[in-house]
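Student: Can we go through this structure together? I'd like to start with what packs inside.

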Amino acid sequence: MALDQSFVGRTYPPTEPYEVGREKIREFAEAVGDTNPVYSDPEAAKALGYSDVIAPPTFVFSITFRAAGQVVEDPQLGLDYSRVVHGDQKFAYRRPVRAGDRLTVVSTIEAIKSLAGNDVIDISGDVRDEAGELVVSALTKLVARAADAEDGEA
């Protein structure tokens with residue numbers, strides 16, 4: 001069953017603030033194999049003009065994907081998460097994420113499409129700092145695969 005188009009434009013409340021820690025940034029950079037010292041050494045970051053270590057560009061995914069959970073879990077939307085795969089991810093940065101940032105995310109449903117029986121939903125996540133300044137906008141595309149005839153749902 002196709003998702004309801006009337007949800008396009010729906011915005012969800014801001015998340016609780018997420019405090020970005022140096023150690024989280026270091027662990028993330030290590031996990032993705034990025035050895036750039038700007039992610040782990042405050043002095044290296046300061047030498048490049050930052051007040052503290054900065055996060056790799058994809059670090060913010062964990063924050064925005066958690067925020068998109070408000071959309072995914074919305075019972076009125078009716079998205080079957082057991083059929084969802086991650087289709088695409090894009091980030092548009094105003095500035096890097098820094099250690100010490102307290103970030104909130106507001107998620108909005110940007111588009112809902114039905115393609116070959118699959119539901120495709122685009123969710124934007126605007127990430128703001130404590131001052132309300134936009135840090136990064138993320139776009140997450142989720143695809144809910146169509147039910148197979150074997151599932152008894154087709």
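**Inside the model**

Tutor: Phe 59 touches Tyr 18, Val 20, Lys 24, Ile 25, Phe 28 and Val 97, leaving out residues up to four places away in sequence. Contact means heavy atoms within 4.5 Å. This is a predicted model, where local features need pLDDT of at least 70, side-chain atom pairs count only at pLDDT 80 or more, and totals for chains, interfaces and linings use all residues. Residues are numbered from 1 along each chain as its sequence is written, and side-chain values use heavy atoms, without hydrogens and water.

Student: Which residues touch the most other members of the largest nonpolar core?

Tutor: Val 20, Ile 25, Phe 59, Ile 63, Val 97 and Leu 103, out of 21 residues. A nonpolar core is a set of buried Ala, Val, Leu, Ile, Met, Phe, Trp, Tyr and Cys residues joined through side-chain atoms within 4.5 Å. Buried means under 20% relative accessible area, exposed over 50%, partly exposed in between (1.4 Å probe, protein chains only).

Student: Which elements give two or more residues to this core?

Tutor: Helix H1 (22–31), helix H3 (61–72), strand E3 (102–115) and strand E5 (134–144). Helices (H or I, at least four residues) and strands (E, at least two) are DSSP runs, numbered from the N terminus. A second, separate core has 15 residues, including Ala 68, Val 71, Val 84 and Leu 142.

Student: New topic: Thr 64. Buried or exposed?

Tutor: Thr 64 counts as buried because its relative accessibility is 3%. Thr 64 lies in helix H3.

Student: What is Thr 64 in contact with?

Tutor: Gln 89, Phe 91, Val 105, Gly 125, Val 127 and Ala 138, setting aside neighbours within four places in sequence.
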